[in-house]
Amino acid sequence: MIVELGHYALVMALAVALIQSVLPVIGSIRQDAGLMALAPAAAVTSFFLVLLAFIALTVSYVTSDFSVQNVWENSHSLKPMIYKISGVWGNHEGSMLLWILILVFFSALVAFFGGNLPAALKANALAVQAWITAAFLFFVLLTSNPFQRLNPAPIEGRDLNPILQDVGLAIHPPLLYLGYVGFSICFSFAIAALIDGRIDAAWARWVRPWTLAAWTALTAGIAMGSYWAYYELGWGGWWFWDPVENASFMPWLAGTALLHSALVMEKREALKIWTVLLAIITFSLSLLGTFLVRSGVLTSVHAFATDPTRGVFILGILVVFIGGAFSLFALRAQSLKQGGLFAPISREGALVLNNLFLTTATLTVLVGTLYPLVLEAVTGSKISVGPPFFNLTFGPLMVPLLLAVPFGPLLAWKRGDLLAVSQRLYAAAGVSLLTALAVVYFATGAPVLAALGIAMGVWLICGSLTDLAYRAGAGRVDLQVMWQRFKGLPRSAFGTALAHLGLGVSVIGIVAVTAFSTELVTTMKQGGQTVSGPYTLVFEGLRPNTGPNYTELQGRFAVSRDGEQFATVTSAKRIYTARRMPTTEAGILTIGPSQLYVSLGDETPDGGTVVRVWWKPWVTFIWIGTIIMSVGGIVSLFDRRLRVGAPAASRKRAAAAEQAI
Amino acid sequence: MKRATVLAVAVLTLLSAFVPPSGAVTPDEVLDDPALEARARDISAGLRCLVCQNQSIDDSDADLAKDLRVLVRQRLVEGDSDQEVVGYIVSRYGEFVLLKPRFSARTLILWATPAIILLGGLAYLMANARRRKTVAEAQPLSNQEQAELQKVLRSRDRDS
């Protein structure tokens, strides 16, 4: 019953979305406040309808209702509760439903927080959101209905893919979608502004918090996925330039560019056309990513053929939305007036440079991801574009960008003084160079590039600290005043510094693990020992263990340094009962910022076990850096200036108070 | 397919059958000479496992990947240079096996994209900056404006 209710709610949501797609736009043309006011009401209604559908599906997962095809295919009665719940989106249909839920959630947020938006802008933006919602609801209802029933109902489900039975599934997709789909708000605002033909600094101020929120979630989501891949795959890689990863990385790069250009637009009214274009591009890349992942065109060319309707359907959505948006942009962009002038050496100039490099990087990843597909379609010849290509092209693009980062926030708006800024950065540069020398000295034989790479990370960290110090008045006022000023700095200043600092931390992790990690593949017998980095591992043997829906063979290793045992690490080979599928559970021992990564291989005929041990110095810095970046995003989000309407509301209250007197 | 797996499955979960993840290189493959082994690893990381999705033979535990790894090591032991080994593999399996495609007419756009976008963007920005500069260049004040200015300045002097 609840399943049918969920299905019905989804159909109702479609009806509401269709109304929300049309009437508010008519209202904005006719200046009809009543029609325009429909938009927020409809947005909130469709949120609750989709939420109802989502709850219905979750309930059938929790109660293991195998009469629902989707539940039967992806769940099992013995599965732990957390995976029953996260299993809701661990499949195509359910994850599309989550996608839509987050989309309408954002629409509802705009309806809720958008009280101070101009009526027409709000109505149009919510209408655009509804176009997207309607398109994807059609998609789900027509090609990927999660509420399909089975008759007769099977007794037991086929279980969730074991690799997905991980806490990562509970966190990674929702975060990723919050990011992906969050950019829809920027898109809708851009389209609404183009329809309206009017755009100003206030527009950028409304869009920036949404960009920031989406960017923060996407950063955390990608990082979470990377760490999940790292510990689950069993061989310690953390980024593979896989098309599916690229699909989430492209919106991130474009979104990062958008975050920076919206800043210029808000402060200086410049880069308007470019910012609108970036908003469109960013969400288009999210849609493209959804298409690439959902249609299966990338993972396997044949997945397209097995269910062509899905792929073609999303391709249709993609063409209509991206094509429509770019056409509208081409028609209307000229009518947007450009604002503020600035010299090339200025904060604006630095942000333009940032955008240039990020856009180039985005397009490099885009072309690299799609090139094999297009080439095969056009000429029939097959090539591969893999990690070596991306490392060779993307890497060098990042170097000048990262070097320039500390300059940006220190430059003045309109016209900056590069020499003065360089002088402020002397200390940061000095510390970085000393670090490079120290790396070469302590890690004898360290490649020069690795030393420079780590120095670059330190440069980013010191650069952000320098920025904060000068904002607090370093060198001009005494320490006590500096501390007072420091505490009074706007949250966005801390946000910027944290994000850039986190970037530096990640860079250090990436460089260190690339240059200094060691790998060891060996056969071990019980009592045997091996050395990895500064540590010695003694194999204590294998022993069987049983989990709720799997059996496993655990291998224990005693870890010691200088003859002193201080920890044990356990790696396991699991077999999940329902699917008879083996997985490797890596044993990871975190020592300071570094990790010892142990993975069990097959048993050899002579009674030994293949063991792989990696020593990964500073590897956790990669993800710690991304956490700092996300925290920066959150801190920035709470900046007073971004709490849109706060000043307006207080002014209104002040006016009311005056009248009362 | 291991590479695609975690994220691919996490997000898309369309895959129903895939090779379970585990390490690739096994101890019996490892060459005694560490320098030679390091070269073998480098070469393997750039060669695609043909039966997998976007995975190098260095990461894949498919049988074909193992055969290729052994082949690479055989050629190295026989004294081939890195280029000769790669050339040999490409002559047998085609350029599809290279994870970093060679620069040629059909990969021209692929390789040139970063440079074209970056240089094109820079050129556009510089042209734009120059145009703006000519617009923004201060025009000398006309006689009337000059007189106006003097008047304002004088009145301010008087006030202070």
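# A walk through a predicted two-chain model

In strand 9 of chain A, A:Thr609 is the residue that stands opposite A:Glu603. The model is a predicted one, in which local features need pLDDT of at least 70 and side-chain atom pairs count only at pLDDT 80 or more, while totals for chains, interfaces and linings use all residues. Residues are numbered from 1 along each chain as its sequence is written, and chains are lettered from A and ligands numbered from 1 in the order in which they are written.

Strands here are DSSP runs of E with at least two residues, helices are runs of H or I with at least four, and both are numbered from the N terminus; two strands count as paired if DSSP finds at least two bridges between them.

We can now turn to the interior. In soluble globular proteins, nonpolar side chains tend to be buried together. A nonpolar core is a set of buried Ala, Val, Leu, Ile, Met, Phe, Trp, Tyr and Cys residues joined through C-beta atoms within 7 Å, where a residue is buried if 20 or more other C-beta atoms lie within 10 Å of its own, exposed if 12 or fewer, and partly exposed in between, with C-beta atoms placed from the backbone. The largest such core has 207 residues, and those touching the most other members are A:Ile100, A:Cys186, A:Phe189 and A:Ala279. Helix 8 (residues 201-232) of chain A gives the most to this core, with 18 residues. Leaving aside neighbours within four places in sequence, A:Cys186 has contacts (C-beta atoms, placed from the backbone, within 7 Å) that include A:Val207, A:Trp210 and A:Phe283. Apart from this core lies another, of 18 residues, among them A:Tyr535, A:Val569, A:Leu600 and A:Val613.

Chain B has six helices and zero strands, and buried residues make up 34% of its 160 residues. Its mean pLDDT (the predictor's confidence in each residue, from 0 to 100) is 77, and 77% of its residues reach 70 or more. Within chain B, confidence is lowest in helix 1 (residues 2-11), at a mean of 40, and highest in helix 4 (residues 82-93), at 92.

Finally, B:Arg106 sits in the loop between helix 4 and helix 5 (108-136) of chain B, and this residue counts as partly exposed because it has 16 C-beta neighbours inside 10 Å. Not counting residues up to four places away in sequence, B:Arg106 touches A:Leu375, A:Thr379 and A:Ser381. For the complex, the predictor gives an ipTM of 0.84 and a pTM of 0.89.

How values were computed. Two residues are in contact if their C-beta atoms, placed from the backbone, lie within 7 Å.
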